[in-house]
Amino acid sequence: MYKTKIDWCDSSWNPVTGCLHGCEYCYARRHVNRFGKATMDDDLRELDEPYRDLVTGTECGEIARGRINHYPFGFAPTFHRYRLGIPAKWSEPRTIFVGSMTDLFGSWVPDEWIQDVFTACAAAPWHRYLFLTKNPMRIRELYSAKALPYADNFWFGSTLTSPDDNFTWFRDTPYHGFVSIEPILEPFGEMETEYWPEWVIVGAETGPRKNKVVPEKWWIDEIVEACAEKKVAVFMKSSIRDLMGSDFKQEYPWEVRP
Ligand code: SF4
């Protein structure tokens with residue numbers, strides 16, 4: 001859980017796992033289906049679907065009868081409360097992707113889970129926290145309800161699957177906003193928008209899916225051009241390194257900011 005293959009962060013941290021969005025290309029669901037056979041105590045099996053709050057166990061999910069299982073409820077949304085203290089144990093500052101195995105801002109996630117995760121982040125303020133969602137309006141709702149903490153080390157991102165997706169929840173706010181176009185499934189054109197994020201991540205679909213989308217270089221070039229015009233940092237995932245050749249680049253906004 002601590003080391004990650006995700007190249008735009010140092011570590012991933014998953015106090016919540018499971019997701020109801022149902023994306024066809026979901027790596028997390030594939031991973032859970034492979035390694036997360038349900039082997040739970042009967043008591044925990046009786047908890048209501050889809051909200052599972054896992055209050056027992058160790059950091060690695062060793063929860064019952066000496067058996068290790070990171071995902072005892074499969075891909076049902078699960079709160080691993082026992083993982084909340086993990087960032088505070090990492091003494092060196094890291095850039096942490098919060099929730100690589102879930103959408104923390106999915107409409108089904110209880111407010112309490114989200115607030116408990118924010119509290120755990122605030123308890124280890126030496127890290128940078130990256131939150132990413134396919135449901136950015138939940139972030140806007142939290143903001144409107146004054147329930148979205150502002151901190152210079154909190155970055156809120158939206159995954160865009162289509163040029164029509166709304167990602168400008170951060171308009172007229174001081175929050176750091178970024179977008180992740182990953183996997184890129186179609187051309188995005190010039191991304192005309194009044195409100196620009198500070199960072200754009202772009203990558204291709206990976207894994208063995210049958211109808212996997214393979215992007216063309218001009219799809220990425222268009223995005224890069226639009227970002228250059230607006231002075232927005234671009235991070236290309238390793239999945240498009242060969243495609244981009246000498247145009248490949250990996251920028252972090254906190255490094256290029258004046
Ligand atoms: S939002 Fe992420 S975790 Fe949820 S189904 Fe889609 S790819 Fe999987």
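## Aromatic pairs

The model holds 29 aromatic pairs. Rings of Phe, Tyr and Trp (its six-membered ring) pair if their centres lie within 6.5 Å; planes under 30 degrees apart count as stacked, over 60 as edge-to-face and the rest as tilted. Trp 8 is in the segment before strand E1 (11-13) and Phe 97 is in strand E7 (residues 95-98), so the contact ties together parts 89 residues apart in sequence. Trp 8 is buried, at 2% relative accessible area. Phe 97 is buried too, at 7%. Buried means under 20% relative accessible area (1.4 Å probe, protein chains only).

This is a predicted model: local features need pLDDT of at least 70, side-chain atom pairs count only at pLDDT 80 or more, and totals for chains, interfaces and linings use all residues. Residues are numbered from 1 along each chain as its sequence is written, and side-chain values use heavy atoms, without hydrogens and water.

## Aromatic cluster and charges over rings

One aromatic cluster includes Trp 13, Phe 105, Tyr 143 and Trp 169.

Arg 94 places its charged end over the ring of Trp 90, 4.1 Å from the centre. Arg 128 lies over the face of Trp 254, 3.9 Å from the ring centre. Such a charge (NZ of Lys or CZ of Arg) is within 6 Å of the ring centre and within 35 degrees of the ring normal.

## Ligand shell

Cys 19, His 21, Gly 22, Cys 23, Cys 26, Thr 102 and Lys 134 surround the ligand (a heavy atom within 4 Å).

Conventions:
Helices (H or I, at least four residues) and strands (E, at least two) are DSSP runs, numbered from the N terminus. Buried means under 20% relative accessible area, exposed over 50%, partly exposed in between (1.4 Å probe, protein chains only).
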